Amino acid sequence: MLTSFQDIFAPPRHLILLVIAAWAGLLLTERRAQRHGIETEQINGLAFYSIIGFVIGGRILFAIQNFSAFNKSPASLLAVNPDLFDLTGGLATAVMIGLIYGQRNQLPVWSLLDAFTPFFAALMIGVGFSHLASGTAFGMPTELPWGMELWNARRHPTQIYEIIASASTFALVWIRRPSPYRGVDFLFFTAITAGWHLFLSAFRADSTLVLNGFHREQVLALFTLAACFVLIEWRLTLPDTPQKNSLI
Amino acid sequence: MQRNQRIILYILLLIAGAAWTILIAESTSVAATQGISAPQAGFTAPDFSLKTPNGETYTLSELKGHAVLVNLWATWCPPCRAEMPAIERMYQEYKDRGFIVLAVNMTSQDDAFEVVPFIEQHAITFPVLLDETNTVATLYQLRSLPSSYFIDRNGIISEVVIGGPMSEALLRTNIERIIP
């Protein structure tokens with residue numbers, strides 16, 4: 001079954017899984033948006049402009065970083081190669097456009113983040129499935145009985161760990177009663193996600209090692225977790241944050 | 001939960017997270033992919049030895065010290081055909097800096113009689129190798145054509161590009177990363 005899945009969604013088709021997850025996440029976000037005082041049209045508008053920003057921003061920032069390559073063949077700027085893409089640049093552009101859209105439509109940032117939490121949670125499941133299909137984010141060699149054959153070794157099925165963790169996080173986010181404080185739902189999701197990344201990244205064999213052997217993903221997750229705790233406490237102490245249409 | 005209880009919980013979680021990070025760092029001081037050969041970025045490129053239509057033999061492991069692009073292709077595959085001129089241009093531009101292209105034709109899934117006319121038609125000057133027994137396709141766990149592997153001078157795969165056609169900018173970016 002796993003082999004069939006990997007054959008069907010072998011790269012570059014693994015990107016379809018991300019598109020499906022994003023689409024499903026957006027549908028779920030639409031269903032819950034009004035709880036956070038945001039209209040469906042506003043969700044769709046923000047998603048539309050952010051996705052365009054993600055695609056264009058990712059390509060342009062990649063081109064800037066590899067200016068000499070594009071300078072010699074500028075037509076490549078329009079090439080249909082998903083590899084010509086800077087993920088961080090794409091995400092940063094999408095966030096910036098989202099913020100501008102939110103400001104123009106007078107949407108509170110923390111409520112927006114809360115509204116989009118199901119989208120982020122669904123997308124994380126898609127990322128896990130796309131890792132499984134492409135064989136990236138692979139695990140350390142192991143003798144454990146649930147290890148799987150990948151890249152000529154029996155390895156921790158880190159992609160399956162990732163799918164289970166992200167699906168559980170999604171379930172938790174979906175069934176949990178919304179917090180009356182703006183931003184806490186999003187920060188709760190981010191903290192949980194950072195927590196399992198911190199734990200599971202230890203089993204990955206493709207980690208970049210920084211500062212004398214620390215896994216970069218673990219270090220980032222630890223800092224994200226600490227930031228989430230500080231921000232949650234800050235949001236809970238603000239007197240004017242309860243959001244519109246809260247269930248509590 | 002009271003605020004004080006939450007703060008104690010946060011501190012305990014962060015201490016546990018930091019301890020776990022340190023513990024893992026101490027147990028993994030070397031790259032986990034070292035010494036293993038697999039068709040994935042970070043691993044040693046699986047070795048092979050194949051012949052050109054003229055009977056000349058090329059062995060990947062003998063090309064250490066060079067930047068190598070292994071391109072798996074077939075004459076019936078439109079993106080493979082489309083990216084060949086760009087690969088040839090890059091080969092001409094970088095060959096003096098130690099860049100080599102090994103274009104491995106999936107001969108077991110292709111028409112062997114089409115290969116030489118294709119080479120002549122596209123004026124290809126880099127080595128085109130014939131995989132008549134599906135050896136490289138199996139070693140590289142081929143799922144899609146074209147598949148390209150950018151290999152650095154130590155024989156480590158730096159980048160894998162599945163699908164195509166690759167643009168000149170993509171080729172140039174990846175070649176610049178592996179050039180000696």
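1. In chain B of this predicted model, residues 24 or more positions apart account for 75% of the contacts that have a separation of 6 or more. Buried residues make up 38% of the 180 residues in chain B.

2. The secondary structure of chain B comprises five helices and seven strands, and read from the N terminus the elements follow the order α-β-β-β-α-β-α-β-α-β-β-α. The radius of gyration of chain B is 22 Å, well over the 16 Å given by the globule rule for 180 residues, so chain B is more spread out than a compact globule. Along its principal axes, the C-alpha trace of chain B spans about 80 × 30 × 30 Å.

3. Turning to chain A, helix H7 (residues 117–134) packs with helix H8 (residues 158–175) at an angle of about 165°, the two axes lying 8 Å apart. Because angles over 145 degrees count as roughly antiparallel, H7(A) is roughly antiparallel to H8(A). The crossing of these two helices, H7(A) and H8(A), is left-handed.

4. On the H7(A) side, the contact with H8(A) is made by A:Thr117, A:Pro118, A:Ala121, A:Ala122, A:Met124, A:Ile125, A:Gly128, A:Phe129, A:His131 and A:Leu132. From H8(A), the contact is made by A:Gln159, A:Ile160, A:Glu162, A:Ile163, A:Ser166, A:Ala167, A:Thr169, A:Phe170, A:Val173 and A:Trp174. Sorted by class, the contact of H7(A) with H8(A) has 13 nonpolar, six polar and one charged residues.

Methods
Residues are numbered from 1 along each chain as its sequence is written. Chains are lettered from A and ligands numbered from 1 in the order in which they are written. This is a predicted model: local features need pLDDT of at least 70, side-chain atom pairs count only at pLDDT 80 or more; totals for chains, interfaces and linings use all residues. Axes are lines fitted to C-alpha atoms, for helices over the stretch in contact, and angles run from 0 to 180 degrees between N-to-C directions. Helices (H or I, at least four residues) and strands (E, at least two) are DSSP runs, numbered from the N terminus. Angles under 35 degrees count as roughly parallel, over 145 as roughly antiparallel, 65 to 115 as roughly perpendicular and the rest as oblique. A crossing is left-handed if the near helix is turned anticlockwise from the far one by less than a right angle, and right-handed if clockwise. Two residues are in contact if their C-beta atoms, placed from the backbone, lie within 7 Å. Ala, Val, Leu, Ile, Met, Phe, Trp, Tyr, Cys and Pro count as nonpolar, Asp, Glu, Lys and Arg as charged, and the others, Gly among them, as polar. The radius of gyration is taken over C-alpha atoms; the globule rule is 2.2 Å times the number of residues to the power 0.38. A residue is buried if 20 or more other C-beta atoms lie within 10 Å of its own, exposed if 12 or fewer, and partly exposed in between; C-beta atoms are placed from the backbone.
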